[in-house]
Amino acid sequence: MKTTPEHDEKIAKITFSSVYPHYITKVEKKGRTKEELHQVIEWLTGFNIEKVNELVDRKVTFKTFFEEATLNPNSDLITGVICGYRIEEIETPLTKQVRYLDKLVDELAKGRKMEKILRT
């Protein structure tokens with residue numbers, strides 16, 4: 001599925017700090033923990049809690065967030081539909097990476113087992 005250049009640019013400009021509280025709320029509302037969210041973020045990006053907090057404080061965009069990340073080599077195992085897009089069909093790397101994170105958070109909130117979320 002193709003995304004538009006406008007859509008991709010909009011995604012790139014969103015600050016991680018504006019979305020991060022929503023991730024926390026989403027998972028906690030469904031009985032999961034902030035620690036589990038951080039485990040998922042660290043698996044995908046390599047960022048520990050201190051780094052996540054630093055990125056939030058710096059108000060980095062998703063573009064910067066993923067430029068600084070070391071993506072997990074198994075991230076391409078993240079498939080499915082999120083926000084109306086089939087992840088494996090997204091052509092723009094940054095948009096795909098943001099949707100990876102969205103999908104992992106969604107799986108966590110839906111109660112999926114951690115070993116399945118982390119593709120182990």
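**Helix packing and core**

Helices α1 and α6 are oblique to each other (angles under 35 degrees count as roughly parallel, over 145 as roughly antiparallel, 65 to 115 as roughly perpendicular and the rest as oblique). The model is predicted, so local features need pLDDT of at least 70 and side-chain atom pairs pLDDT 80 or more, whereas totals for chains, interfaces and linings use all residues. Residues are numbered from 1 along each chain as its sequence is written, and side-chain values use heavy atoms, without hydrogens and water. Helices (H or I, at least four residues) are DSSP runs numbered from the N terminus, as are strands (E, at least two).

**Helices α1 and α6**

- The axes of α1 and α6 cross at roughly 55° and come within 9 Å of each other; axes are lines fitted to C-alpha atoms, for helices over the stretch in contact, with angles from 0 to 180 degrees between N-to-C directions.
- This crossing of α1 and α6 is left-handed (the near helix is turned anticlockwise from the far one by less than a right angle; clockwise would be right-handed).
- On the α1 side the contact (heavy atoms within 4.5 Å) involves His-7, Asp-8, Ile-11 and Ala-12, and on the α6 side Leu-94, Thr-95, Val-98 and Arg-99.
- By class, the contact of α1 with α6 comprises four nonpolar, two polar and two charged residues; Ala, Val, Leu, Ile, Met, Phe, Trp, Tyr, Cys and Pro count as nonpolar, Asp, Glu, Lys and Arg as charged, and the others, Gly among them, as polar.

**Helices α2 and α6**

- Helix α2 spans residues 16-29 and helix α6 residues 93-109; their axes lie 9 Å apart at an angle of about 20°.
- The two helices α2 and α6 are therefore roughly parallel to each other, and their crossing is right-handed.
- From α2, the residues Phe-16, Tyr-23, Lys-26 and Val-27 meet Leu-101, Asp-102, Val-105, Asp-106, Leu-108 and Ala-109 of α6.
- Seven nonpolar and three charged residues make up the contact of α2 with α6, which has no polar ones.

**The largest nonpolar core**

- The largest nonpolar core has 36 residues, of which Phe-16, Leu-37, Phe-62, Phe-65, Phe-66 and Leu-101 touch the most other members; such a core is a set of buried Ala, Val, Leu, Ile, Met, Phe, Trp, Tyr and Cys residues joined through side-chain atoms within 4.5 Å.
- Two or more residues of this core come from each of α1 (5-13), α2, α3 (34-45), α4 (49-58), α5 (62-68), α6 and α7 (114-117).
- Helix α6 gives the largest share of this core, eight residues.
- Phe-65 is in contact with Phe-16, Ile-41, Thr-45, Phe-47, Leu-55, Val-60 and Leu-101, leaving aside neighbours within four places in sequence.

**Val-98 in α6**

- Val-98 belongs to helix α6 and counts as buried at 2% relative accessibility (buried is under 20% relative accessible area, exposed over 50%, partly exposed in between, with a 1.4 Å probe and protein chains only).
- Apart from neighbours within four places in sequence, Val-98 contacts Ile-11, Phe-62 and Phe-66.
- The C-alpha atom of Val-98 is 9.8 Å from that of Ile-87, eleven residues apart along the chain.

**Positive phi angles**

- Lys-59, in the loop between α4 and α5, has a positive phi of about 55° although it is not a glycine, and Lys-59 is exposed, with a relative accessible area of 55%.
- Arg-119, in the segment after α7, is a residue other than glycine with a positive phi near 50°; Arg-119 counts as buried at 14% relative accessibility.
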